[in-house]
Amino acid sequence: MLLSAFLLLSPFLPNALTYNTLSNTTLASLPSPGTDFDVRTGAILAPILVPRVPGTPGQTTVQHHFLNFFRTQLPKWNVTMQNSTSTTPTSGGKKLPFVNIVATRDPPWAKEGETGRLSLVAHYDSKSTPEGFIGATDSAAPCAIILHAARSVDEALTRKWTNVEASHDMAFGDMEGNMGLQILLLDGEEAFQSWTHTDSLYGARSLAEEWERTLNPATSTFRNPLSSIDLFLLLDLLGAKNPTVPSYFRTTHWAYAAMASLESRLRSLQLLKSSPNHPSKRSVSSRGERARNGNLHQRKEPIWLTEANKGEGRWLGGMIEDDHLPFLARGVEILHLIPTPFPRVWHEMDDDGEHLDGDTVEDWATLITAFVGEWMDLEGYLPMDSKGLGEGAGVEARHVGERERTEL
Ligand SMILES: *[C@@H]1O[C@H](CO)[C@@H](O)[C@H](O)[C@H]1NC(C)=O
Ligand SMILES: *[C@@H]1O[C@H](CO)[C@@H](O)[C@H](O)[C@H]1NC(C)=O
Ligand SMILES: *[C@@H]1O[C@H](CO)[C@@H](O)[C@H](O)[C@H]1NC(C)=O
């Protein structure tokens, strides 16, 4: 009681005070992407793997794909387009259209200005050169990962909010439950000529400026849609094998550490497909070794989020210019998931579907889904299917290996 009174009196405390971890069973039951990310036929990813330069038909086609996804798969989301136009150094004085897609799902009782949100962000435009550039990691795959994660938690949000409504007096609002989920698919991230403060981030700059001016009702907890963003989780350049993602910002390091802890748990549970220790990746010789000494030979497990235990090290935030900048400048908290170094294919013709690592894309989707599940406090609401680990998680994970072995 004391805690909730405190929360009501202190509206600026981050909602994420309630951050709760997901159980092993839930982690093991997160929906598998199936064929979502197939680069030729995948329902989510394949339609994004086309050139989509602002002002070209590809831009519109991909917008329609997103709108259609929300209409058919996430009909409870409020989807709007935030439009702007701008000339670019190469447009010969012509104004190009930039269309950000903003999709939000708030609790059904939420009033305007009373909901803090986790915003999942990626840009969907592709670079105008070299001609035909696809930008699979930059950022088709991140867009697809975000859509998959949103669909994976959508039912759980419904179940949770129905439950909260049934058990609370909503007259006073429910600060702890007032968490929404938002997706920002931004346009015009890429420079047309060479990166400058005016030739880049066209969509992000327009959205941040507009939201700064969009005031919520005077007594609102959150002043404007920018202050409603509890965490701006920006995904970029993801989908190549063996990424290393530092923690860029001190003020969101705790969220980075929470995600790193999830990564580590998913790895111990052998739920990441790109791992050499995933049941599907074990070599015949390691199985042989296991047969001999009854033990699994563990290969060195890669780590993507390498800086979970960083103390007061170097914080590189702000050194990489990306869609977060106009939001950072306005006080929004940023968690930037971008590898350092960038993938080898960065801004090269071969940043295409064929050069994505399918397992890595799926694993990012699993990790982001799990993080959203924890942030939105969805333990108990996510589906738990029969492959749940239950007690003795390690044992069940080994059983998976066994099945794998008998199938061979
Ligand atoms: C959808 O979002 C827009 C823009 O944020 C807002 O003006 C509108 O009221 C929302 N609609 C619903 C049904 O919540
Ligand atoms: C924004 O642009 C899109 C695509 O051109 C268009 O369909 C939509 O109607 C525009 N929305 C507004 C509010 O102008
Ligand atoms: C969850 O999984 C981790 C990693 O395998 C393990 O260390 C832990 O004991 C498990 N927890 C439970 C409650 O089974």
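In strand β5 (229-235), F232 is the bridge partner of S119, strands here being DSSP runs of E with at least two residues, and helices DSSP runs of H or I with at least four, both numbered from the N terminus. The model is a predicted one, in which local features need pLDDT of at least 70 and side-chain atom pairs count only at pLDDT 80 or more, while totals for chains, interfaces and linings use all residues. Residues are numbered from 1 along each chain as its sequence is written, and chains are lettered from A and ligands numbered from 1 in the order in which they are written.

The bridge between S119 and F232 belongs to a parallel pairing of β3 (residues 116-123) with β5, made over five bridges; two strands pair if DSSP finds at least two bridges between them. F232 also stands opposite I334 in β6. There, β5 and β6 run parallel and are joined by four bridges. How many of the seven residues of β5 are buried? Seven of the seven are, so the strand is largely enclosed by the rest of the structure. A residue is called buried if 20 or more other C-beta atoms, placed from the backbone, lie within 10 Å of its own, exposed if 12 or fewer do, and partly exposed in between.

For the chain as a whole, the secondary structure amounts to ten helices and six strands. Of its 408 residues, 43% count as buried. Contacts between residues 24 or more positions apart make up 76% of those with a separation of 6 or more, a contact being two residues whose C-beta atoms, placed from the backbone, lie within 7 Å.

The expected span of a helix is 1.5 Å times one less than its number of residues. The twelve residues of α5 should therefore span 16 Å, and the end C-alpha atoms are 17 Å apart, which agrees. Which residues of α5 are buried? They are Y202, G203, A204, R205, S206, L207, A208 and W211. Among the elements that cover these buried residues are β1, β2, β4 (179-186) and α8 (325-328).

A few backbone details deserve a look. A cis peptide bond joins D138 and S139, with omega about -5°, and S139 is found in helix α4 (residues 136-167). The peptide bond from T340 to P341 is also cis, with omega near 0°; P341 is placed in the loop between β6 (334-337) and α9 (358-375).

N242 sits in the loop between β5 and α6 (253-268), and Q270 in the loop between α6 and α7 (284-293). Are these residues buried or exposed? N242 is exposed, with 12 other C-beta atoms within 10 Å, whereas Q270, with 25 C-beta neighbours inside 10 Å, counts as buried.
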